[in-house]
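Me: Please take a close look at one part of this structure for me, the charged side chains. I'd like one connected account of where they sit and how they pair.

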Amino acid sequence: LVFSIHGDRVSIRFAEHLSRPVHLTLQEALAIDLALRSVSGGRPPVFGDAAPRLRNKLRKLLGGSERRALEAFDRGVTGTPPSDQVTETIGLLKDAMARNVCVEIEYYTASRDAVTRRTVRPYAIIEHQGHWYLVGFCLLRKRELPFRIDRIKCVAATETTFDVPDDFDIEIY
């Protein structure tokens with residue numbers, strides 16, 4: 001199978017040697033659905049409504065128990081989209097990460113009920129249990145830390161560049 005993305009269109013080309021209709025296993029359907037889910041997020045969605053339309057077609061392809069399993073998967077992974085402020089902050093952080101430049105942030109620390117100004121080397125952005133986090137090296141604390149993005153009051157890219165360490169492992173977060 002070959003998947004191609006052209007603008008807002010996604011096409012699937014089958015290998016010529018496949019002479020009968022393809023019957024997906026549940027595992028294959030879940031993998032395709034998860035991939036389509038990942039490209040259908042964002043504001044605005046990167047591929048318009050193409051990914052949701054393909055996800056609907058995938059459900060129509062599946063029968064009985066496979067379709068019910070995919071629908072149960074939907075209920076298990078759906079979440080609340082981030083607020084406009086968090087989405088805007090994520091965009092600014094992604095831009096800084098793409099250029100490997102530090103960011104200056106004003107960050108609210110709930111445990112101390114205090115706002116501090118920090119310079120951070122942004123390494124990654126993750127979502128965990130409904131909250132979005134920036135993971136990076138904090139120059140104030142001199143260590144790698146996660147920062148809840150909804151607690152970042154303002155963010156500004158600097159001109160200071162950095163390299164992400166080879167031993168950085170996002171899986172620990």
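Reply: Happy to. A surface patch here is made of residues with over 30% relative accessible area and no salt bridge, with like charges joined within 9 Å and nonpolar side chains (Val, Leu, Ile, Met, Phe, Trp, Tyr) within 5 Å. This is a predicted model, in which local features need pLDDT of at least 70 and side-chain atom pairs pLDDT 80 or more, while totals for chains, interfaces and linings use all residues. Residues are numbered from 1 along each chain as its sequence is written, and side-chain values use heavy atoms, leaving out hydrogens and water.

Asp-163, Asp-166, Asp-167, Asp-169 and Glu-171 form a negatively charged patch on the surface. Lys and Arg count as positive, Asp and Glu as negative, with His and the chain ends not counted; each charge is placed at NZ of Lys, CZ of Arg, CG of Asp or CD of Glu. Accessible areas are Shrake-Rupley values with a 1.4 Å probe, and only the protein chains shown count as cover. Asp-163 belongs to the segment that follows β7 (152-161), and with 66% relative accessibility it is exposed (buried is under 20%, exposed over 50%, partly exposed in between).

For the setting, the protein has four helices and seven strands, arranged along the sequence as β-β-α-α-α-α-β-β-β-β-β. Helices (H or I, at least four residues) and strands (E, at least two) are DSSP runs numbered from the N terminus. Of its 173 residues, 27% count as buried.

Now to the pairs. A salt bridge is a side-chain nitrogen of Lys or Arg within 4 Å of a carboxyl oxygen of Asp or Glu, and that rule gives five of them. Asp-33, Arg-55 and Arg-59 are joined in a salt-bridge network. Arg-55 meets Asp-33 at 2.8 Å, N to O; this pair links helix α2 with helix α1 (residues 26-40) across 22 residues. Asp-33 also meets Arg-59, at 3.0 Å.

Helix α2 itself covers residues 50-61. Its 12 residues reach 17 Å from first C-alpha to last, close to the expected 16 Å (1.5 Å times one less than the number of residues). An α-helix has 3.6 residues a turn, so residues three or four places apart point the same way.

Another bridge joins strands: Arg-117 and Glu-106 meet at 3.7 Å, N to O, linking β4 (residues 114-128) to β3 across 11 residues. Here Arg-117 is exposed at 52% relative accessible area, and Glu-106 is partly exposed at 30%.

One further charged residue deserves a glance. Lys-142 has a phi near 60°, positive although the residue is not glycine. Lys-142 sits in the loop between β5 (131-138) and β6 (143-148) and is exposed, at 63% relative accessibility.

Definitions and conventions:
Buried < 20%, exposed > 50% of the residue type's maximum accessible area, 1.4 Å probe, protein only.
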